[in-house]
Amino acid sequence: MFRSLRRKKNALSIEEAKALLHSARRGVLAVNGEDGYPYAIPLNYWYDEESQRIFFHSAKAGYKVDALNACDKVCFTVYGNETIGEDTWAPYVQSTVAFGRCHAMENEAEAREALRRFAGKYYPNEELITATIEKDWHAVKMYQIDIEHLCGKQVQER
């Protein structure tokens, strides 16, 4: 169902692809938009390797929410780990692409826990996490992507 990489020599191992998914600060969520146009939006996220899910938060309404309600198939991409080899001037960059199905989390306790773990990636301390969640919970909707396919690659940008 999912294509394999054309240039196998550029492929990252699954472990390397997951490591980048853990370490990247932001990713790009691509959804099926209106009139056949794709819609891709950068966002903060948290990757739970154990459940093979990516979590993010959103407002309760908007274009992204409408697109996800219309079609749950998504693509999520992160990139980074740029390095320059000793023998070349052009940098190498890694990327990870995850395909999956995305839906809003309906169980409030699970959604709050996912938001707490998500916030732990970005906020400096537990007190600020708790205060922010309590203040803004009414306006937040948590989403999860159930990963169906994951791959990564490293390319030289020249």
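Reader: Let me start with K141: how exposed is it?

Author: This is a predicted model, and in it K141 is partly exposed, with a relative accessible area of 22%.

Reader: And what does K141 form a salt bridge with?

Author: K141 forms a salt bridge with E106, and the closest N and O atoms of the two are 3.6 Å apart. K141 lies in strand β7, residues 141–156, while E106 sits in the loop between β6 (91–104) and α3 (108–120), so the pair ties together parts of the chain that are 35 residues apart in sequence.

Reader: How exposed are R112 and E108?

Author: R112 counts as partly exposed at 24% relative accessibility, and E108 is partly exposed as well, with a relative accessible area of 45%.

Reader: Which other residue forms a salt bridge with R112?

Author: E134 does, with the closest N and O atoms 3.1 Å apart. That pair links distant parts of the chain, since E134 is in helix α4 (residues 126–136) and R112 is in helix α3, 22 residues apart.

Reader: Which residues are linked in a network of salt bridges?

Author: D72, R101 and E148 are linked in such a network.

Reader: Okay, new topic: where in helix α1 are the buried residues?

Author: Helix α1 covers residues 14–23, and A17, K18, L20 and L21 are buried in it. They cover an arc of only 160° around the axis, so they lie on the same side of α1.

Reader: And what covers those buried residues of α1?

Author: The cover includes the strands β3 (46–48), β4 (53–58) and β5 (73–84), together with β6 and β7.

Reader: I also clicked on S95; where is it, and what does it touch?

Author: S95 has its place in strand β6. Leaving aside residues up to four places away in sequence, S95 touches L12, L20, V78, Y79, C151, G152 and K153. L20, one of these contacts of S95, is also among the buried residues of helix α1.

Reader: Is S95 itself buried or exposed?

Author: S95 counts as buried, because its relative accessibility is 17% and the cut-off for buried is under 20%.

Reader: What about I41, where is that found and what does it touch?

Author: I41 is found in strand β2, and it is partly exposed, with a relative accessible area of 24%. Again not counting residues up to four places away in sequence, I41 touches G27, V28, L29 and K64.

Reader: How many residues apart are I41 and T96 in sequence?

Author: I41 and T96 are 55 residues apart in sequence, and from C-alpha to C-alpha they are 16 Å apart in space.

Reader: Moving on to the largest pocket, what lines it?

Author: The lining of the largest pocket consists of R7, K9, N10, Y92, Q154, V155, Q156 and R158. Strand β7 gives the most to this lining, with three residues. By class, the lining has two nonpolar, three polar and three charged residues, and the space in this pocket is about 200 Å³.

Reader: Last one: which residues other than glycine have a positive phi?

Author: D35 is one of them, with a positive phi of about 55° although it is not a glycine. D35 has its place in the loop between β1 (26–32) and β2 (38–44), and it counts as exposed at 75% relative accessibility. Q52 is another example, with a positive phi near 55°; Q52 lies in the loop between β3 and β4 and counts as partly exposed at 23% relative accessibility.

Terms used: Residues numbered from 1 in each chain as written. Predicted model: local features only at pLDDT ≥ 70, side-chain atom pairs only at ≥ 80, totals over all residues. Heavy atoms only, no water. Salt bridge = Lys/Arg side-chain N within 4 Å of Asp/Glu carboxyl O. Helix = DSSP H or I, 4+ residues; strand = E, 2+ residues; numbered from the N terminus. Buried < 20%, exposed > 50% of the residue type's maximum accessible area, 1.4 Å probe, protein only. 1 Å grid on protein atoms, 1.4 Å probe; cavity = no way out; pocket = protein on both sides within 12 Å on 5 of 7 lines; lining within 4 Å. Points joined across faces, edges and corners; volume = space filled by probe spheres on them. Nonpolar A, V, L, I, M, F, W, Y, C, P; charged D, E, K, R; others polar. Arc of directions from axis to C-beta. Contact = heavy atoms within 4.5 Å.
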